[in-house]
Amino acid sequence: MAAISRENARPPFLTALCVLFFAAQLLVCCAAKKNVAILTEDNWTSMLEGEWMVEFYAPWCPACRNLQSTWEEFADWGEDLEIQVGKVDVTEEAGLSGRFGVTSLPTIYHVLDGEFRKYTGSRTKDDFISFVDDKKWEKVEPVESWKAPNSFLMSCVSWLFKISMAVRTVHTSITEDYGIPVWGSYCLFAAVTIVAGLLIGMVLVFITDCLCPAAPPKGFYEPIQMDMPPTKVKREDRPTTEEPGEEEEEEEEEEDDDGDAEEDNDANIRKRRVKATAE
Ligand SMILES: *[C@@H]1O[C@H](CO)[C@@H](O)[C@H](O)[C@H]1NC(C)=O
């Protein structure tokens with residue numbers, strides 16, 4: 001009873017102050033958590049717009065754990081610096097770690113409108129802030145576009161990482177959940193690899209066969225018939241519109257015509273000579 005009466009006796013402005021204080025604490029706490037954007041395979045492309053600082057970390061890495069509070073404090077400055085601060089858990093996002101070529105942890109990237117620069121300075125809040133605020137990133141060479149995380153090449157690498165992660169997951173589940181020995185799992189993967197290779201090979205052969213058939217196209221060898229009489233070879237040079245089937249008949253006729261023409265010519269020449277001598 002005494003406690004209640006004391007509570008009631010508390011001046012209302014003090015209660016209000018308490019409520020405000022806790023509300024403020026709650027806001028600060030939530031805001032601090034929200035300031036570091038979590039980036040995943042599905043929404044990492046949001047860092048291609050505007051200015052970002054992104055940390056790649058793993059929960060098991062001690063250096064990452066040391067950096068965590070600094071990174072959150074730095075993220076609180078994000079609004080003032082007009083940048084966004086994000087983080088990627090490489091144990092969850094193997095594809096992204098492949099895409100960004102993360103070989104050491106933690107790795108920090110500065111991203112400005114799709115240009116990627118690796119941050120190699122010391123990992124203190126002041127250095128992060130000055131890197132952005134004093135534009136120290138200008139002195140760092142950006143990652144070349146052909147091997148940038150948003151390039152085609154790195155998309156392929158990202159797929160390889162995802163496939164290898166999937167293989168590892170399957171291997172773990174085979175050996176742990178089904179109790180199959182490790183060599184059994186290896187044999188299974190070897191078999192799957194060989195079968196997949198055969199299938200891909202067959203598909204490739206099929207596609208090449210469709211696109212460029214092994215047999216030469218019809219009529220390919222026709223112009224190189226060596227046993228043709230010379231008159232026929234000459235005829236090939238002349239543009240003809242006749243159907244191949246009709247050729248033989250007409251050839252004979254034409255040969256006859258040629259013969260006649262020659263006779264005519266001879267006759268004409270003789271006539272002319274006769275004329276010339278007569279004059
Ligand atoms: C990306 O997706 C994750 C998981 O869905 C979410 O927690 C995070 O807030 C998203 N980040 C951005 C920048 O949209």
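A salt bridge is counted here when a side-chain nitrogen of Lys or Arg lies within 4 Å of a carboxyl oxygen of Asp or Glu. The structure is a predicted model, in which local features need pLDDT of at least 70 and side-chain atom pairs count only at pLDDT 80 or more, while totals for chains, interfaces and linings use all residues. Residues are numbered from 1 along each chain as its sequence is written, and side-chain values use heavy atoms, with hydrogens and water left out.

**Salt bridges**

Side chains of opposite charge can pair when their charged atoms come close. By the rule given above, there are three salt bridges, and they are set out in this table.

| Pair | N to O distance |
|---|---|
| Lys162 and Glu41 | 3.6 Å |
| Arg117 and Glu115 | 3.4 Å |
| Glu144 and Lys147 | 3.9 Å |

In the salt bridge between Lys162 and Glu41, Lys162 belongs to helix α7 (residues 152-177) and Glu41 to the loop between β1 (36-38) and β2, so the pair ties together parts that are 121 residues apart in sequence. Helices (H or I, at least four residues) and strands (E, at least two) are DSSP runs, numbered from the N terminus.

Residues are called buried under 20% relative accessible area, exposed over 50%, and partly exposed in between, using a 1.4 Å probe and protein chains only. In the remaining pair, Glu144 is partly exposed at 43%, and Lys147 is partly exposed at 35%.

**Helix α6 and its surroundings**

Helix α6 spans residues 125-133, and its buried residues are Phe128, Ile129, Ser130, Phe131 and Val132. These buried residues pack, with contact meaning heavy atoms within 4.5 Å, against β2 (51-57), α3 (62-76), α4 (78-81), β4 (107-112) and β5 (115-119). Just after α6, Lys135 takes a positive phi of about 50°.

**The annotated region and the nonpolar patch**

An unreviewed UniProt entry lists residues 183-207 as "transmembrane region", although such annotations may be inferred rather than shown by experiment. In the model this span is 100% helix and 0% strand, and its end C-alpha atoms lie 36 Å apart.

Ile200, Val203, Leu204, Phe206, Ile207 and Leu211 make a nonpolar surface patch of about 640 Å²; such patches consist of residues with over 30% relative accessible area and no salt bridge, nonpolar side chains (Val, Leu, Ile, Met, Phe, Trp, Tyr) being joined within 5 Å and like charges within 9 Å. Accessible areas come from the Shrake-Rupley method with a 1.4 Å probe. Ile207 lies in helix α8 (residues 182-211) and is partly exposed, with a relative accessible area of 39%.
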